[in-house]
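Welcome! Here is a short briefing to read alongside the sequence and the 3D view.

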Amino acid sequence: MSNIEPIIRVENLSKSFDQVQALKGVNLTIHPGRIVGLVGANGGGKSTLLRTAVGLYLPDGGSCTTFGQEAGKLRPEDLARIGYVHQEGELVDWMTVDQMVRYVAAYYPGWNGELEERYRSRFEVDGHRRVGVLSPGERQKLAILLAIGFEPELLILDEPAAALDPIARQRFLDLLLDIIQDAGRTILISSHILSDIEKIIDHVLILDRGTILRDAGFDELREEFSKVRLTSLNGPLPETLPFEGLLACERSGAEALLTLRALNRSDMETAADSMRCTLELLPLSFEEIYRLIIEGNRSEEAELEP
Amino acid sequence: METLLLDIDPHGGLPIYRQVMNQIRRQIMTGQLDAGEQLESVKSLSTRLKVNPMTISKAYGFLVEEGLVERRRGVGLFVSQVRADSRKRLQQKMLREAFGKAATLAVQMGIPEDEAARLFSEHLRQLDSSGKGRERDEQH
């Protein structure tokens with residue numbers, strides 16, 4: 001993987017707005033062919049990072065390189081490879097939807113009319129309505145169409161699904177999977193609806209208060225954390241449980257619910273066997289894992305403070 | 001090549017690639033998928049299940065490593081002829097895992113070993129006879 005040129009390379013990037021440091025020395029690389037989920041609390045720096053990657057913000061320190069070019073100096077031919085959807089989509093309110101689509105399509109020789117048709121029927125986009133009267137969800141759908149219609153190699157989506165209803169959201173996620181099927185496409189998506197993106201992403205970046213807390217393959221992250229039910233087969237559970245990496249423990253009599261980190265299945269089973277207990281693996285959602293990482297980091301910080 | 005019947009729960013705790021692996025492994029062990037049968041392509045399966053194609057390639061990659069599936073260059077993936085001894089070992093392992101919950105419950109409820117074993121045998125016989133009944137129906 002390392003010999004493939006990354007699509008985005010961010011090195012020691014910092015950015016402030018009026019005394020507030022939005023990004024504090026961020027390092028990351030985005031490799032081609034992936035769907036990368038950028039997650040974190042609002043105000044954590046997600047939008048700043050995405051805007052910097054397309055050259056809308058310039059770094060105060062460090063660098064951001066997109067398609068091998070300094071992001072602030074992307075040329076029109078580089079920008080033509082990037083689709084970008086953000087919360088405040090810049091749409092022209094006096095145009096009709098049709099006019100707006102034709103206006104944008106005219107800039108791109110590679111505009112895919114067939115994809116446009118498919119998208120419009122799937123998302124029920126009415127071409128005759130004026131952009132200015134569209135609901136937030138309809139505006140979002142239009143902004144997405146404008147960003148994918150020219151089949152960009154890199155699709156950057158900043159909270160794209162926030163205004164969509166559940167069915168449109170599901171269709172939108174399916175659409176992203178269609179898009180990634182074509183070789184050489186990369187999707188970077190920020191969202192705070194973790195249950196939405198957990199089905200499609202293969203890599204995750206957790207951005208918290210301007211720094212990257214985790215940069216990991218999604219499956220590795222999932223397997224790092226586990227939740228199990230421990231059941232003692234003879235009497236109540238012992239006072240201390242011999243598990244390393246114990247993050248949380250609720251117990252009552254012969255049973256306990258444990259949340260664990262960095263412990264593989266067979267080590268857990270060995271520990272359970274040694275105390276005459278059985279182990280049952282329980283589901284742990286991405287949202288819970290995310291919370292464990294954020295809280296774990298907060299408590300580490302608290303310990304470091306004098 | 002038939003389409004694979006898989007049920008994926010994205011919020012189900014196990015990573016999706018593991019769910020895919022487990023279900024395909026089970027289908028191979030139960031004979032639902034025969035040796036020599038071609039597996040659905042990564043693209044087709046990921047589109048149908050609506051999951052990331054990398055997830056499916058990863059699951060397939062591990063099944064190849066386990067020797068349950070083999071890659072034929074330029075054609076695709078096929079179910080391997082699994083050696084009898086390793087087939088048996090894997091089947092026993094899967095069965096033991098499936099026992100886990102029932103065994104825990106039996107011990108917790110204080111059901112003696114011979115009674116638990118009798119219940120299990122009874123259950124087996126019931127399934128077996130309904131299976132035979134079906135075979136008879138099919139012959140007529």
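Which residues make a nonpolar surface patch of about 350 Å²? B:Leu95, B:Phe99, B:Phe120 and B:Leu124 make it. This is a predicted model, in which local features need pLDDT of at least 70 and side-chain atom pairs count only at pLDDT 80 or more, while totals for chains, interfaces and linings use all residues. Residues are numbered from 1 along each chain as its sequence is written, chains are lettered from A in the order in which they are written, and side-chain values use heavy atoms, leaving out hydrogens and water.

**The patch on chain B**
- Helices α4 (84–109) and α5 (113–139) of chain B each give two or more residues to the nonpolar patch.
- Patches are made of residues with over 30% relative accessible area and no salt bridge, with nonpolar side chains (Val, Leu, Ile, Met, Phe, Trp, Tyr) joined within 5 Å.
- B:Phe120 sits in helix α5 of chain B and is partly exposed, with a relative accessible area of 37%.
- Buried means under 20% relative accessible area, exposed over 50%, and partly exposed in between (1.4 Å probe, protein chains only).

**Where the chains meet**
- In contact (heavy atoms within 4.5 Å) are 27 residues of chain A and 23 residues of chain B.
- Chains A and B bury about 2,100 Å² between them, 53% of it on carbon and sulfur atoms; this is the accessible area (1.4 Å probe) that two parts lose on being put together, summed over both.
- Five salt bridges are counted between chain A and chain B, each being a side-chain nitrogen of Lys or Arg within 4 Å of a carboxyl oxygen of Asp or Glu.
- One salt bridge pairs B:Lys50 with A:Asp174, with the closest N and O atoms 3.9 Å apart.
- B:Lys50 is partly exposed at 33% relative accessible area, whereas A:Asp174 counts as buried at 13% relative accessibility.

**Salt bridges within chain A**
- A:Glu114 and A:Arg118 meet in a salt bridge (3.3 Å, N to O); they are four residues apart in helix α4 (residues 113–122) of chain A, so about one helical turn separates them.
- A:Asp178 and A:Arg122 also form a salt bridge, the closest N and O atoms being 2.9 Å apart.
- That pair links distant parts of the chain, with A:Asp178 in helix α6 and A:Arg122 in helix α4 of chain A, 56 residues apart.

**Chain A as a whole**
- Chain A has ten helices and 14 strands; helices (H or I, at least four residues) and strands (E, at least two) are DSSP runs, numbered from the N terminus.
- Of the 306 residues in chain A, 50% are buried.

How values were computed
Patches are made of residues with over 30% relative accessible area and no salt bridge: like charges are joined within 9 Å, nonpolar side chains (Val, Leu, Ile, Met, Phe, Trp, Tyr) within 5 Å. Accessible areas come from the Shrake-Rupley method with a 1.4 Å probe; for residues, only the protein chains shown count as cover.
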